Amino acid sequence: MRTIGLLGGMSWESTVTYYQLINKGIKKELGGLHSAQVILTSVDFQLIETCQAQGDWQGAASILSKAALSVQAGGADFLLICTNTMHKVASAIEAEIDIPLLHIADATAQALIFQGVSRVALLGTRFTMEQDFYKGRLTDVYGLDVVIPSNADRAIIHHVIYHELCVGKVLESSKKEYLRIIDQMADQGAEAVILGCTEIGLLVTQDDTDMPLFDTTKIHAQAAVAYALSTT
C-alpha cells in the first residue's frame, strides 16, 4: 500500500472529511483492521486566506510548498492538496516535490466523463469559478463544457464558504440558496454540478436534489484510495 500525503487545513473541517473517507475506503477494499497509511500536515488557513485576499499567490505557494516538502520527507508516496482553490498553485508545488500530485480537477473530470457528463455547472470559491486554473483545465484537457452561476450568485456561494462553512456553520437558509442556484444551473442546460469546494459537501448532498452532484472531496478521496492500492 502506498502512503498518502495530505496537505490540509484549508479548512480543517473538510480535511477531517478527507481523512475519514480515505480510511473508510481502505477498510472497504481490504477489510479487517486495515486503515490508510497517511502523512498529514495542516497549515494555518488564516495565513492562506490572507494571501488569497491580497492576491499573493506566490506567498501562498511558498507556504504550501514548504508544507508539501514536509509531507514528502515524512514518507508520503504521493500528495493530495485538500482543497480546490489552492490547486491554483499546484504547478508551483509540483515543481518543489519529487512525488506525484493527484490533482483534484483531473479526478473530478474523469468521474464526470465516466458518467457521460459533457456540460457541467461549477460551484466553488470565486477564485475557482472565475479563474482559469480549474475550469480551464476541465475544458482544455478533458473537453468539458463548464458553466458558472451569475455574478450575484457567485457572491453568495463565496460568502457562504468563507463566512459559514469554513468556520463550521451549516445554515438551512444557505442550503436553500445553494439549491436554488443548482436548479437555475439545471435550467441553463447543466447535466450535473461540481461541488468545487471541499466544504460544500458539508451543506448540500445528493439527498437534497435530483441534479447529479459530483462532490470533489469524495471523488478526490476515492482516487487517493485507488492510487494507494494500485500496483502500477
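These notebook entries record what I looked up in a predicted model.

**Entry 1. Cysteines**

I began with the disulfides and found that the structure holds 0 of them. A disulfide requires two cysteine sulfur atoms within 2.5 Å. I then turned to Cys 197, which is in no disulfide either: the nearest cysteine sulfur is that of Cys 166, at 5.9 Å. I also noted accessibility. Cys 82 has 0% relative accessibility and counts as buried, and Cys 197 is buried with a relative accessible area of 4%.

**Entry 2. Aromatic pairs**

Next I looked up the aromatic pairs, of which the structure holds 4. I recorded two of these in detail.

One of them joins Phe 45 and Tyr 162, whose ring centres are 6.2 Å apart.

Another pair is formed by Phe 78 and Tyr 227, and I noted it as edge-to-face, with 4.7 Å from centre to centre and 80° between the planes. Phe 78 is in strand S3 (residues 78-81), whereas Tyr 227 is in helix H10 (residues 216-229), so this pair ties together parts 149 residues apart in sequence.

**Entry 3. Charges over rings**

I returned to Tyr 227 and found the charged end of Arg 2 over its ring, 4.4 Å from the ring centre. I also recorded Lys 88, which lies over the face of Trp 57 at 5.2 Å from the ring centre.

**Entry 4. The nonpolar core**

Finally, I examined the largest nonpolar core, which has 79 residues. Which residues touch the most other members? I found Leu 7 and Ile 93. Helix H3 (residues 57-73) gives the most to this core, with 7 residues. I then listed the contacts of Ile 93, leaving out residues up to four places away in sequence: Leu 7, Leu 64, Ser 65, Ala 68, Leu 79, Ile 81 and Leu 101.

Technical notes. Residues are numbered from 1 along each chain as its sequence is written. This is a predicted model: local features need pLDDT of at least 70, side-chain atom pairs count only at pLDDT 80 or more; totals for chains, interfaces and linings use all residues. Side-chain values use heavy atoms; hydrogens and water are left out. Buried means under 20% relative accessible area, exposed over 50%, partly exposed in between (1.4 Å probe, protein chains only). Rings of Phe, Tyr and Trp (its six-membered ring) pair if their centres lie within 6.5 Å; planes under 30 degrees apart count as stacked, over 60 as edge-to-face and the rest as tilted. Helices (H or I, at least four residues) and strands (E, at least two) are DSSP runs, numbered from the N terminus. A charge sits over a ring if NZ of Lys or CZ of Arg is within 6 Å of the ring centre and within 35 degrees of the ring normal. A nonpolar core is a set of buried Ala, Val, Leu, Ile, Met, Phe, Trp, Tyr and Cys residues joined through side-chain atoms within 4.5 Å. Contact means heavy atoms within 4.5 Å.
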